[in-house]
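The following questions and answers examine one protein model. Please consult the sequence and the structure shown here.

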Amino acid sequence: TESLKKVDKIFGPGNAYVALAKKKFFGVVGIDMIAGPSEILVFADKNNNPKHIAIDLLSQAEHDEFAQAILVSPDRRFLGLVADRIKVLLKDMPRRQIILESLKRNGALIGVDSMDEAIDIANRIAPEHLELSVAKPRKFLSKIRHAGSIFLGRLTPEAFGDYCAGPNHVLPTSGSARFSSPLGVYDFQKRTSVIECSEEGASHLGRLSESLA
């Protein structure tokens, strides 16, 4: 059997089997990340089209049974309109059973009293995809501390990112956006520490090293 040549690092997206393979090789070679099921969190005000927001949620929920689709809005009536739209759209969805299981496991419609409360929720969840579907999304951008990829405004659905918008779509999931970043050029680079002492510096560090030792 022909053996595979060992590489230094493994990059790229994949399903659960790819994630498990990366986990097995982590430590033997480098990896970009172990990505979990896909996620979307949408902030939407009442001025959105409920159908458009419902489609954004469904397009994520259809990935697999463990995908996460959450809508946060300060308008309870709007949440109800989106829920009604989801029920209507589901009738014609070819992956209906997968979507139903996904929404049952990890779907949510959350009413909040303010956008600050919505931002707190987003930073706590640290979603893979975050849609700011509001009138002035940049007003809130600086307050978002944890998200893999952020889509600004009503005309920027997350589905664009799945296919053609943004630098790439290998993103942190399962809350790992709190400590990791999307795949980027820096993942193909590494750093090395370089230390050089003068005579005076070596004497000083020698005394420090002796004390610590």
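Contact means heavy atoms within 4.5 Å. Helices (H or I, at least four residues) and strands (E, at least two) are DSSP runs, numbered from the N terminus. This is a predicted model, in which local features need pLDDT of at least 70 and side-chain atom pairs count only at pLDDT 80 or more, while totals for chains, interfaces and linings use all residues. Residues are numbered from 1 along each chain as its sequence is written, and side-chain values use heavy atoms, with hydrogens and water left out.

Q: Which residue just after H5 takes a positive phi?
A: Helix H5 covers residues 115-125. Just after H5, a positive phi of about 55° is taken by Ala126.

Q: In what order do the five strands form the open sheet?
A: Two strands pair if DSSP finds at least two bridges between them. Five bridges join E4 to E5, which run parallel, and Leu71 has Leu109 in E5 as its bridge partner. The pairing in the open sheet is parallel, and the order of its five strands is E5-E4-E3-E6-E7. The edge strands, each pairing on one side only, are E5 and E7 (149-152), so placed by the order E5-E4-E3-E6-E7.

Q: Is Leu103 buried, partly exposed or exposed?
A: Leu103 is found in helix H4 (residues 96-106). Not counting residues up to four places away in sequence, Leu103 touches Leu58, Ala61, Ala69 and Ile86. Because its relative accessible area is 23%, Leu103 is partly exposed.

Q: What distance separates the C-alpha atoms of Leu103 and Lys143?
A: Leu103 and Lys143 lie 40 residues apart along the chain. Their C-alpha atoms are separated by 28 Å.

Q: Which helix gives the most to the lining of the largest pocket?
A: The lining of the largest pocket comprises 24 residues, of which Gly14, Asn15, Ala35, Gly36 and Ser38 lie nearest the centre of the pocket. With four residues, the helix that gives the most to this lining is H1 (residues 16-25).

Terms used: Buried < 20%, exposed > 50% of the residue type's maximum accessible area, 1.4 Å probe, protein only. 1 Å grid on protein atoms, 1.4 Å probe; cavity = no way out; pocket = protein on both sides within 12 Å on 5 of 7 lines; lining within 4 Å.
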